[in-house]
Amino acid sequence: MTISRQEAEAQYLNAIEKKLCSPEKATIFYSKQVLDYQLNLLRDIFPANTKHAIAIKTCNQADVLAHIIQRGFGLEAASFEEVLLAKKAGASNDQIVFDSPVKTVSEINQCHNELPGMLLNANSLEELKRYPKNFNGHIGLRVNPLVENAGGAFFNVSTANSKFGVPITKRKSIIENCIQYTEIDCLHLHIGSSLTDLSPNLAAISKMVTLALEINTLRTKKGIENKITTLDIGGGIEFDKKTMREFVASMHQIPNISDFNLVTEYGNFVHKHNSFVASNVEYVLSNDDSLPELVYVHVGADLFVRKVYSNVNANYPCSILHKEKPEENTALQSYNIVGPLCFAGDILFKDLKFQKIQEGDTLFIFNTGSNTLSMWSGHCSRDLPDFVFY
C-alpha cells in the first residue's frame, strides 16, 4: 500500500486549509492508514508467537511511536536515548528491545534497576561481563552468522570484520559463554539491510536454530534449567505482501524453529511508504540554456542524508502540484532539484522531467517514511520541517 499523488495533493491542501502547516517552506506528512496496513501484514502473516519490535531509528516521531505501541507492537532501540523515547511513547518494558553495540555499564545497570523486563541483546562476549548477576530482564547474544548477502558496503553487517555480533567462527566460545551466563535466553541476528533476496536470512536463521538447540542440549546435560527460548531474527528485508508470505512459509520449513519464540526488528519495511514531503518551490533559475534549470526547494541533504552523502540508490518518486495548471500536451523540461544548504553537493535529483515548473509550485517527494527525518542533519542550523500525522 502506498500514498497516491492524488491523496498527497488532497492531504496537503487540506492541511493548509486547517492551518496544520505552512505552505511557505516544507512539511512532512505521515499516513496512519498506511502504517496500520504495514503493521497488520506483520501481525497477520508471522506466527502468533512473534514479538514485532519496530526499529525506532528509522522513524523516531513521538506520535508515530505512540501509535505503534497502542497497536500492541514493540520498539527496538539502537541507543539508550531511544529506550527513553520508547518509554515516553508509552511502551512497557517488555515491549522494548535494546540493541546498542556500545552499551555502558551505567545503562545496563539502569535497565536492571529501573526498567525490569526488557530484552537487551549483548553485542559481544565482553559485554556479557557487564551484566549483574540475576539480571532483571532478558539477555540475548548477537551472533554474526557470516552469511553472504547483497546489503552492500553500507548495509552488510555479516562480514568477517563487522562491528556487530560475535562471529559464528567463535562457536566454541559462544557456547561456553551461554553455559556460563545462564540468564541468556535469546540469540540475536541481523545480517544487513535493503535485502530483497530471502535466502541469506533463511540460511542465517537456520544456523541460529542449530546453535540454540546445541546450547539447550548442553544446558540440559549440565542440569541448567534455563533454555534459549527466543530467536531475534532482526530485520532488513524489503518485503511486499507476497514475499513476506513466501519468507514465513520458508521459515516454517526450518526444522525445530517452532520450538522458539520470535522477535523481529523491521523498520524500513514498516515506515518507508507511509510518508511524503511537500516543499514550496522557492526559485526556478537557469544558468545556461543548454543545462537543466535549477529548482530550489526547502529540503535537501539535511533530510535526505543517505541519498546525498552516501549516494544510496533510494527510490523517491516525485511529482509537481502546479499553482497554475499547464496547458495540455506541454513539452516536458529537464530540472535539477537542489536543496537549501550551503554546499555544492546539496543536489537531490538531476535531470527530472516535468511540465514547466514555476516559483510557488509544490514539489512532492514520496517514500520518505524511513531514514529521513530520524536522520535530520543540523548543518546550517535549519528548523525541522512541520510534521503532520494524519
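Residues are numbered from 1 along each chain as its sequence is written. In this predicted model, local features need pLDDT of at least 70 and side-chain atom pairs count only at pLDDT 80 or more, while totals for chains, interfaces and linings use all residues, and side-chain values use heavy atoms, with hydrogens and water left out.

A pair of aromatic rings is described by the distance of the centres and the angle of the planes. Rings of Phe, Tyr and Trp (its six-membered ring) pair if their centres lie within 6.5 Å; planes under 30 degrees apart count as stacked, over 60 as edge-to-face and the rest as tilted. By this rule the structure holds 19 aromatic pairs. One of them joins Tyr12 and Phe29: the ring centres are 6.2 Å apart and the planes stand at 75 degrees, so the pair is edge-to-face. Tyr12 belongs to helix H1 (residues 5–17) and Phe29 to strand S1 (residues 26–30), so the pair ties together parts that are 17 residues apart in sequence. Helices (H or I, at least four residues) and strands (E, at least two) are DSSP runs, numbered from the N terminus.

Are these two residues buried or exposed? Buried means under 20% relative accessible area, exposed over 50%, and partly exposed in between (1.4 Å probe, protein chains only). Tyr12 has a relative accessible area of 4% and is buried; Phe29, with 0%, is buried too. Tyr12 also forms an edge-to-face pair with Phe364, at 5.5 Å centre to centre and with 85 degrees between the planes. This pair links distant parts of the chain, since Tyr12 is in helix H1 and Phe364 is in strand S17 (residues 362–366), 352 residues apart. Phe364 counts as buried because its relative accessibility is 0%. Tyr12, Phe29 and Phe364 form one aromatic cluster together with Phe276, Phe366 and Tyr390.

The next topic is helix packing. Two packed helices are described by the angle between their axes and the distance between the axes. Axes are lines fitted to C-alpha atoms, for helices over the stretch in contact, and angles run from 0 to 180 degrees between N-to-C directions. The axes of helix H2 (residues 32–45) and helix H3 (residues 62–70) come within 11 Å and cross at roughly 40 degrees. That angle makes H2 oblique to H3, given that angles under 35 degrees count as roughly parallel, over 145 as roughly antiparallel, 65 to 115 as roughly perpendicular and the rest as oblique. Lys32, Leu35, Asp36 and Leu39 of H2 meet Val64, His67 and Ile68 of H3, where contact means heavy atoms within 4.5 Å. Val64, His67 and Ile68 are among the buried residues of H3. Just after H3, Gly72 takes a positive phi of about 90 degrees.

Asn201, Leu202 and Ile205 of H9 make the contact with Phe247, Ser250 and Met251 of H10.

Leu352 is partly exposed, with a relative accessible area of 22%. Leaving aside residues up to four places away in sequence, Leu352 touches Cys318, Gln333, Ser334, Tyr335 and Ile337.
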